[in-house]
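Student: I have a new model open on my screen and would like to talk it through. Could you take me around it?

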Amino acid sequence: NDAGLKAWLGKSFSWAAYGNSVVAITAGLVANKAASAVPMTAIQTGGQVYMGGYLNPFDIALVALLGCGIAALSLWEENYGDTDGSNDSSRGQAHWYDGLQTAFTTTIRSQDVLLCGIISSLFEGSMYIFVFMWTPALTEGSDEALPFGLIFSTFMVSCMAGSSLFSIQIEKMRGERLA
């Protein structure tokens, strides 16, 4: 049943966006607490290497990255894909770039895939511009220390509210009508 699968796909994305927002809100609050826990100080007098302050959230992120990397290495099984050799028998030895060539060809030949990629790139580009520019925009002309983690968490609450409202609306009307 295609309609049932499409409904579950939408719900899956909705729950993923909600869960992502919850994690981001929590990360912002933890980062805010960590940044204000210890003042930033130079490791050596007059040195260029610092610890504490706004560096603490990055240290926590590094620990989380290492923990997730270790978990992925130890818990995930390798996915070798099609191992029966049927795909590469006609063209000989498979190369590392064959997957990239296939993806590029598919993207260029399918207008839907190409447009989806362009739209995603433009959206992500605007998001990264915002990510890199919101802190300088808020601090320009002010020497006051701002709670960046709390501000970020507020942004993420807004994202969560938007995705939750969208998931409620999409059950009541077709997506084309929302646009």
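Predicted model: local features only at pLDDT ≥ 70, side-chain atom pairs only at ≥ 80, totals over all residues.

Student: Let me zoom in on helix 5, then: how far does it reach, and what would be expected?

Tutor: Helix 5 runs over residues 148–172, which is 25 residues, and from its first C-alpha to its last it reaches 37 Å, close to the 36 Å expected at 1.5 Å a residue.

Student: Which residues in that helix are buried?

Tutor: In helix 5 the buried residues are Phe148, Gly149, Ser153, Met156, Met160, Ser163 and Ser167.

Student: How does helix 4 pack against helix 5?

Tutor: The two pack at an angle of about 130°, and the axes of helix 4 and helix 5 are 12 Å apart. That angle makes helix 4 oblique to helix 5, and the crossing of the two helices is right-handed.

Student: Switching to rings, how many aromatic pairs does the structure hold?

Tutor: There are six aromatic pairs in the structure. One of them joins tryptophan 15 and tyrosine 18, which are edge-to-face, with 5.8 Å centre to centre and 80° between the planes. Because tryptophan 15 and tyrosine 18 are three residues apart in helix 1 (residues 2–37), about one helical turn separates them.

Student: Is tryptophan 15 buried or exposed?

Tutor: Tryptophan 15 counts as exposed because its relative accessibility is 62%, whereas tyrosine 18, with a relative accessible area of 34%, is partly exposed. Another pair is made by phenylalanine 130 and phenylalanine 155, whose ring centres are 5.3 Å apart and whose planes are at 65°, so this pair is edge-to-face as well. It links distant parts of the chain, since phenylalanine 130 lies in helix 4 (residues 111–139) and phenylalanine 155 in helix 5, 25 residues apart.

Student: Where do those two phenylalanines stand on accessibility?

Tutor: Phenylalanine 130 is partly exposed, with a relative accessible area of 39%, and phenylalanine 155 also counts as partly exposed, at 28% relative accessibility.

Student: Which residues form the aromatic cluster with them?

Tutor: Phe130 and Phe155 form one aromatic cluster together with Tyr54, Trp134 and Phe148, and Phe148 is among the buried residues of helix 5.

Student: What about the cysteines, how many disulfides does the count come to?

Tutor: The count comes to zero disulfides. As for the accessibility of individual cysteines, cysteine 68 counts as exposed because its relative accessibility is 56%, while cysteine 159 is partly exposed, with a relative accessible area of 40%.

Methods:
Residues numbered from 1 in each chain as written. Heavy atoms only, no water. Helix = DSSP H or I, 4+ residues; strand = E, 2+ residues; numbered from the N terminus. Expected span 1.5 Å × (residues − 1). Buried < 20%, exposed > 50% of the residue type's maximum accessible area, 1.4 Å probe, protein only. Phe/Tyr/Trp six-rings, centres within 6.5 Å; stacked < 30°, edge-to-face > 60°. Disulfide = S-S within 2.5 Å. Axes fitted to C-alpha atoms, helices over the stretch in contact; angles between N-to-C directions. Parallel < 35°, antiparallel > 145°, perpendicular 65-115°, else oblique. Left-handed = near helix turned anticlockwise from the far one by under 90°.
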